Amino acid sequence: MQILLHMIWREKRDVILSMTAGFLSGLTAVALFAQSGFLISKAALMPPFYIILILTAFLKLFGVVKSTSKYAERYISHRVTFRLLSDIRMRFFTKLEPHANTLFSTYRSGDLLKRITSDVEVLQNFFLRVVYPPLITLLVFIVTILFTLFFSGWLAFVLLLGFLLTTLVIPAALVHKEKAPALTKQQLTTELTEFLYGFRDLQLHHQVQKKQQAINSISTAYTEERRQEENEKQLAHTWNQAIALFTSLFVVLLGAYFVTNDSLDGLYLAMLILISLTVFEIAIPMANVPSYLYEARTAMNRLEEITEVAKEREEKLQMAAHYSFTCRHVSFFYPGMDRPALEDVSFDLHPAEKIAIIGPSGSGKSTLFQLLIKALQPSAGSILINGQDLAEVQEESLWQKMSIQLQHNHFFSGTIRDNLQIAKQDAADSELAQILAKVQIPKSLDDVVYEKGENLSGGEKQRLAFARVLLRDGPLWLLDEPFTSIDERTAAKLHTQLLAAEERTVIVITHKLQGLESFDRILVMQDGRLQENGTFEELMARKGLFYQMKQQQK
Ligand SMILES: Nc1ncnc2c1ncn2[C@@H]1O[C@H](COP(=O)(O)OP(=O)(O)OP(=O)(O)O)[C@@H](O)[C@H]1O
């Protein structure tokens, strides 16, 4: 909350301006009705015409000031809200952006999207719904009660009582008990996002209707949740209005009594009644302040929780010519899984070494890869890069040194050139064309690429991704199944380029067992464990798992 208050404080000029306008608008609304009441009573006594004229002129003046100040208040307070929104967005998105990978591996993307957008949406209204109403209500009531005190102490006391009931007692009585966070909106967004992403697969497997039904039932639950929320808010409103009306009733009864025993001039009775009717209008938003405060606090905590996922202590990776990795007893559990995807994996990767990680499907190769590029964090154990704990290294500085090819790479709609320049922005056409020839893509730089590379074959995508790796040419290469969709002859040529530079550290994940002789070492994974670790010759001589896999692939 302090963060939000601090952000609001930064806008103090506009905050003060909008509060002043809001105060003026509230006060003139009360004055307008008070003046009307007084005018009606005064007119009944047949005063000179100029008195009526002056009173009517004041009435007009109050009307104009009320509308103008209301407009100014809305205009300025919304400006504060939009600045607050942009501050909140900036703050969270700058905190989240460097850790996008970690976050997407921790949360489902729909869930993450919903959490961030709706929580930010809640916080943007913090000023308008939580800070603003109590202050304006307090100021207008103070002035109104002081004004009433001038005519009758008892009536001022009744107003004070009504004020305390509507602004403190009712909101406190209806304040949200610690209730479980609403899940259905989150579920709905998550399910919808997945429905959209996976629509084609659902169609192919005739699952669209089933998924739609599931979404419909979540949607119904969500509507019910919203209905309940609205009911709670309406209940608070109703209570406040009831108290406001009862207070006015008291003012009428008490006022009439004071008039009959001459302790109040009857001329002011209508004015005081109208004051009490109007002033409580301003207190009505107070009923929902606690619920908005609760929502804002929850939203803030949830956003902070997301940012906490990212590590605080991060250091830059020092520049070095060669890079080594050390994995010490690394285990990894995916969220919600009770079986580890990796268990107690330890190995050293020496500077400039070229290693292949192999193993059956589901043995944990990609998980290990994700840990090495810091897209995931180990659940236990540690990974060191050049002796420095990866947990303490900034992702950006790590990825600067790395040329990474993922199993599934993204391609943007544009041209081949655009898709290559992602790896090296300032690359000249001649360099790009050379790289295209190296990876044997028979296309020109101007050829169009559709969104997600839909017009590229699997092999072309892998070659284009490898072209990006060649373009980046960092001292550390990590490739996850880079050539699976490429024909043997081309794959062999690309393989040679992969292992060409002596000083480069290379890690390749593959399930193909051809060409492994040219790697310095081979790590063999099975069931999340590192089963074998040695040179091609050593593993063949050992006649263990690797040897058996080789025999099977023959
Ligand atoms: N996001 C995830 N959530 C939960 N479990 C996962 C997730 N990704 C992988 N796993 C599980 O972790 C284990 C290791 O998976 P991983 O993808 O690392 O294996 P792999 O050896 O790379 O397989 P493949 O060769 O098929 O790509 C598997 O049991 C898999 O089901």
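Visitor: At which residues does UniProt place the feature "transmembrane region"?

Guide: The unreviewed UniProt entry puts it at residues 21–41, 47–65, 126–148, 154–175, 242–260 and 266–287. UniProt positions follow the numbering used here, feature names are shortened, and annotations may be inferred rather than shown by experiment. Residues are numbered from 1 along each chain as its sequence is written. The model is predicted: local features need pLDDT of at least 70, side-chain atom pairs count only at pLDDT 80 or more, and totals for chains, interfaces and linings use all residues.

Visitor: How much helix is there over residues 126–148?

Guide: Helices (H or I, at least four residues) and strands (E, at least two) are DSSP runs, numbered from the N terminus. Residues 126–148 are 100% helix and 0% strand, with end C-alpha atoms 32 Å apart. Residues 266–287 are 68% helix and 0% strand, and there the end C-alpha atoms are 34 Å apart.

Visitor: At what angle do H2 and H6 pack?

Guide: Axes are lines fitted to C-alpha atoms, for helices over the stretch in contact, and angles run from 0 to 180 degrees between N-to-C directions. H2 (residues 12–44) and H6 (residues 126–149) pack at about 45°, with axes 9 Å apart. Angles under 35 degrees count as roughly parallel, over 145 as roughly antiparallel, 65 to 115 as roughly perpendicular and the rest as oblique. H2 and H6 are therefore oblique to each other.

Visitor: Is the crossing of H2 and H6 left-handed or right-handed?

Guide: A crossing is left-handed if the near helix is turned anticlockwise from the far one by less than a right angle, and right-handed if clockwise. H2 passes H6 in a right-handed crossing.

Visitor: Which residues make that contact?

Guide: Two residues are in contact if their C-beta atoms, placed from the backbone, lie within 7 Å. H2 contributes residues including Met 19, Phe 23 and Val 30, and H6 residues including Tyr 132, Leu 139 and Thr 144. Ala, Val, Leu, Ile, Met, Phe, Trp, Tyr, Cys and Pro count as nonpolar, Asp, Glu, Lys and Arg as charged, and the others, Gly among them, as polar. The contact of H2 with H6 has 10 nonpolar, three polar and no charged residues.

Visitor: How do H7 and H11 pack?

Guide: H7 (residues 153–173) and H11 (residues 269–283) meet at about 20°, their axes 11 Å apart. They are therefore roughly parallel to each other. Their crossing is right-handed. Among the contact residues are Leu 155 and Phe 163 of H7, and Leu 272 and Phe 280 of H11.

Visitor: Which residues are around the ligand?

Guide: A residue is near a molecule or strand if its C-beta atom, placed from the backbone, lies within 6 Å of it. Around the ligand are residues including Tyr 334, Lys 365, Thr 367 and His 511. The shell has three nonpolar, eight polar and one charged residues.
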